Amino acid sequence: PPTHIITVNGKECINFASFNFLGLLNSEQVKSAAQASLKKYGVGTCGPRGFYGTFDVHLELEERLAKFMRTEEAIIYSYGFATIASAIPAYSKRGDIVFVDEAACFAIQKGLQASRSNIKLFKHNDMADLERLLKEQEIEDQKNPRKARVTRRFIVVEGLYMNTGDICPLPELIKLKYKYKVRVFLEESLSFGVLGEHGRGITEHFGINIDDIDLISANMENSLASIGGFCCGRSFIIDHQRLSGQGYCFSASLPPLLAAAAIEALNIIEDNPDIFQILRDKCERIHIALRG
Amino acid sequence: IKDIVPNGGLYKRPFNEAFEETPMLVAVLTYVGYGVLTLFGYLRDFMRQWKIEKCQHATEREEQKDFVPLYQDFENFYNRNLYMRIRDSWNRPICSVPGAKVDMMERVSYDYNWTFTYTGRVIKGIINMGSYNYLGFAQKDGTCQEAAAEVLSQYGAGVCSTRQEMGNLDKHEELEKLVARFLGVESAMTYGMGFATNSMNIPALVGKGCLILSDELNHASLVLGARLSGATIRIFKHNNMQSLEKLLKDAIVHGQPRTRRPWKKILILVEGIYSMEGSIVRLPEVIALKKKYKSYLYLDEAHSIGALGPGGRGVVEYFGLSPEDVDVMMGTFTKSFGAAGGYIGGKKELIDYLRTYSHSAVYATSLSPPVVQQIITSMKCIMGEDGTTVGKARVQQLAENTRYFRRRLKEMGFIIYGNEDSPVVPLMLYMPAKIGAFGREMLKRNIGVVVVGFPATPIIESRARFCLSAAHTKEMLDTALKEINEVGDLLQVKYSRHRLVPLLDRPFDETTYEETED
C-alpha cells in the first residue's frame with residue numbers, strides 16, 4: 001500500500017516518489033466513506049454518464065467542487081489524463097490558434113494533437129516571448145480581418161509545471177489576455193490542493209478573480225488521493241463539454257467509491273485549512289536544505 | 001496458405017445477422033419530421049435574437065463580449081433546438097447499484113427541459129435495460145464486494161502515481177497474470193481507463209508510414225487512437241469482408257501514396273460486438289484475410305468479453321478460434337466485470353514493449369486497488385476457480401436471455417438489428433419525436449431504456465437499445481416485453497415486414513431455424 005513508508009522489492013523505504021501531497025492516501029476517514037459507498041453501490045457504474053451512469057454521488061461531487069472553487073459549475077471525468085486531453089479538443093478545432101508553454105505536460109500535448117489546431121510554443125514562463133507571438137498574430141489578423149473574426153485563440157498554461165516545478169506568472173498573463181483578447185485555460189493538476197491559503201490553487205495564491213480564467217482543469221489523483229479529474233468554470237463553458245467532451249460522453253463514469261473518497265477528502269481539506277501551511281513550511285525547509 | 005472458401009468452411013455454427021432495410025414511407029416521414037424541427041429551430045433562433053423570446057441558455061461574460069465567440073451559432077443549432085426538447089431521456093441520475101432493478105431520482109422540468117429540479121422522490125424498482133451489466137456483477141453484496149472492501153481498508157482508494165513510478169502494486173501484477181490466463185495469451189497489461197487504453201496504445205504500436213484499416217462504425221476511442229498515431233487511415237464498410245479485401249489488395253499493390261514504398265505495418269482495427277448495431281465481427285474471415293495478406297489484427301472486445309462464448313472468454317472462443325491468431329486483444333473491465341479499466345493481451349514481446357513505450361504507463365495513474373480486487377474476484381468466478389459454478393451459470397443465463405428476448409421482439413414485429421447472439425439489442429424507431437416518446441412512456445411503466453439518435457447514429461436511424469443481463473430473470477423479461485408491446489402499439493413502431501410465426505413451446509435448441517413469412 002503506497003503511503004509515506006513503502007515496501008519496494010521487499011525493502012522498506014521512505015516514499016519521496018508518490019504525489020501524495022496532503023497525506024490523504026492512508027486516511028481512515030476517507031477509507032470509511034469509500035467503504036460506505038461500496039456497500040451501497042458496488043464497485044463499477046456499468047455505463048457512461050448519458051446512459052444510467054450518473055449517480056447522486058457524481059452530482060454531489062460536482063456541486064461540492066464548484067462551491068469549493070467558487071465557480072458556477074464543475075464536470076467530472078473518470079481519469080485524470082483524459083480530463084485535459086478531452087477538454088482542449090472540445091473547444092479548439094482545426095484552424096484555431098493555441099499558445100502553449102514549452103514545458104507543458106504530456107496530457108496537454110495529446111489534447112492539442114487531437115484538436116488539430118495551430119500550435120505556437122513560447123519559451124517556458126517567458127511573458128515577453130508570449131507577447132511577441134501575440135503581436136505577430138495581431139499583425140496577421142489585420143491582413144485578413146474576416147478570418148480573424150472566427151478563429152478562436154487560447155492560451156494553455158499549467159499552475160505548477162510537472163516538468164520543471166515552477167509556477168506560471170498568472171497576473172501578467174491576465175493582463176495579456178485582456179489586451180489581446182485571448183482565452184486562458186489553466187491546468188492545475190499539481191497546484192490544486194497545494195497553493196493558496198485554502199488550497200484553491202494558483203488563483204488564490206495570486207489573489208486573482210476566478211472568473212477571469214475561462215477553464216480550470218485539475219485531476220484528483222494528486223492531492224485528493226482519489227482517481228479522476230474535473231474541470232470547473234462558468235456554466236457557459238462547462239456545459240459544452242457534456243456533449244462534446246470525448247472522455248466524458250464515450251467512457252464509463254467514475255466508480256462511486258472513488259467519488260465518495262474524493263468528497264470526504266474535500267471535507268477534510270475544508271475543515272483543516274492549516275495543513276497547507278504545514279506543507280509549505282516543509283517544502284521551504286527541503287528547498288533550503290538542498291540548495292545548501 | 002489456403003484460399004478463403006465461402007462461409008461454409010470457416011463457421012462452425014450458424015451466423016445469423018440481419019439489418020432490415022428502412023421502409024420507404026418511414027424514411028420520408030423521418031426526413032419531414034426533421035425538416036419541420038429545423039424550421040421551428042430557425043424561427044426560435046430568430047425570435048431569441050430579436051429578444052421576442054427570452055434567452056434561457058447560459059451566455060458569455062460581460063467583460064468578454066468582444067472576444068471571438070467561443071461557439072459558432074450553427075454548431076450549437078442541433079443542441080439548442082432538437083436535443084433540448086428530449087433531453088430528459090439522458091443523464092438520468094440513479095441512486096442505487098446498477099443491477100437488474102435500479103432506483104432513479106425523479107426530476108421534473110417546468111421550462112421545457114432547460115433546467116431540471118429534483119423533487120426529492122425516488123422511483124424504486126425500475127427494470128434496468130440500459131446499463132452494461134452483462135454478467136450481473138454489479139452487486140452490492142457477495143464475495144466480490146467483500147473482497148473489495150478488504151482491499152480498500154488495506155490499500156486505500158487512490159494510488160497517486162504512475163505505473164512506471166511508484167504505482168505498480170503487487171495487486172496489479174496478480175491481475176495481469178490472471179488476465180493472461182483468462183484470455184489464453186502469453187501476457188497482459190492493464191490500464192486505468194478503457195477509453196485511454198485505445199487512445200494511448202495505438203500510437204505506441206503504429207506510427208507514420210503504417211496503414212490502419214478500420215471499420216466504419218468503430219468507437220470514438222479507436223478513431224482517436226488511430227488519429228493520434230499519425231498513420232494513414234482507410235475505412236472499410238461495416239463488417240464487409242469484400243470491402244476489406246479490396247483495401248488490403250490495393251494497399252499491398254500500390255504501397256504508400258507518394259513514395260510507392262511498401263507499408264511498414266498494416267493494422268486492422270475491429271471490435272468484437274459493435275454497441276450501436278449489435279453485430280458481431282466476422283472473425284474467421286478476418287483472420288483468414290489477415291494471414292493471407294500478412295497484416296496485424298487489433299481486436300477491441302469491450303462489449304464481447306464475458307458476454308460471448310461458452311466460457312465467457314469472448315468472441316474468439318465464440319467462433320472456436322485460437323487466441324494466438326489475434327495479435328492484440330484489447331478489452332475493458334467496465335461492462336462484464338462490473339469494475340473499471342482496460343487491458344491489452346498478446347505475445348510476451350509485445351507486452352514487454354508496451355510496458356516500456358506505452359504513454360499510459362509513463363504518464364497516467366494506475367488502477368485503484370479495490371477496483372483491481374473486484375476484477376480479480378469476478379474473473380475467478382467466471383473461470384470457475386472459486387469453486388462454484390456461478391460463473392458458468394451466469395454465462396448460460398445471458399445466452400438464454402438473449403435468444404429469448406430477440407425471438408420475442410421479432411415475433412412482435414419490431415425491426416431489430418444485429419446478430420442473433422449479441423446481448424445488445426437495437427430496436428429501430430427512426431422518427432425524432434418517437435425517440436423522446438419511447439423513452440418517456442417506458443419510464444412511466446417503470447422500465448428504463450436507452451434511446452440514441454443523431455449524432456451517435458446516422459440521422460434517420462435512431463433507435464432504442466436494450467442491454468440484456470444475466471441478472472434479468474424470465475419474469476422481468478416478460479414484464480418488459482409486455483410493456484414494449486404496449487408502447488410499440490401506441491407509438492406504431494412495429495415496422496417489420498418479415499413477421500416470424502410464433503414458435504410453440506419447443507424445447508430450447510440452438511439449431512432452431514425460424515420460419516418466416518413475407
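Which hand does the crossing of α4(B) and α12(B) have, left or right? Keep that in mind; the tour ends in chain B. Note first that this is a predicted model.

**Stop 1: the sheet in chain A**

Select the strands β4, β10, β9, β8, β7, β5 and β6 of chain A, in that order. These 7 strands form an open sheet with mixed pairing. Strands of a sheet pair through backbone hydrogen bonds, either parallel or antiparallel. Now colour β4 (73-77) and β6 (118-122) of chain A. Both stand at the edges with a single partner strand each, so one side of each has no neighbour in the sheet. Turn the view: neighbouring strands of this sheet are turned by 20° against each other on average, direction ignored.

Zoom in on β8 (residues 183-187) and β9 (residues 215-219) of chain A. They pair in the parallel sense, over 3 bridges. Show Phe185(A), then find Leu215(A) in β9(A), which stands opposite.

**Stop 2: helices on the sheet**

**Stop 3: an enclosed helix**

Select α11 (residues 256-271) of chain A. This helix has 16 residues and reaches 23 Å from its first C-alpha to its last. That is close to the 22 Å expected at 1.5 Å a residue. Of its 16 residues, 13 are buried, so α11(A) is largely enclosed by the rest of the structure.

**Stop 4: Met84 in chain B**

Switch to chain B. Met84(B) is in the loop between α2 (77-83) and β2 (93-94) of chain B. Is this residue buried or exposed? Met84(B) is buried, because its relative accessible area is 13%, below the 20% cut-off. Show its contacts beyond four places in sequence: Asn79(B), Tyr112(B), Asn113(B) and Trp114(B). Then pick Thr115(B), 31 residues away along the chain. Its C-alpha atom is 9.9 Å from that of Met84(B).

**Stop 5: a helix pair in chain B**

Finish with α4 (residues 170-183) and α12 (residues 369-383) of chain B. Their axes come within 10 Å and cross at roughly 30°. The two helices are therefore roughly parallel. Display the side chains where they meet, including Leu175(B) and Leu178(B) in α4(B), and Ile376(B) and Met379(B) in α12(B). As for the opening question, the crossing of α4(B) and α12(B) is left-handed.

How values were computed. Residues numbered from 1 in each chain as written. Chains lettered and ligands numbered in written order. Predicted model: local features only at pLDDT ≥ 70, side-chain atom pairs only at ≥ 80, totals over all residues. Heavy atoms only, no water. Pairing = 2+ DSSP bridges. Helix = DSSP H or I, 4+ residues; strand = E, 2+ residues; numbered from the N terminus. Axes fitted to C-alpha atoms, helices over the stretch in contact; angles between N-to-C directions. Expected span 1.5 Å × (residues − 1). Buried < 20%, exposed > 50% of the residue type's maximum accessible area, 1.4 Å probe, protein only. Parallel < 35°, antiparallel > 145°, perpendicular 65-115°, else oblique. Left-handed = near helix turned anticlockwise from the far one by under 90°. Contact = heavy atoms within 4.5 Å.
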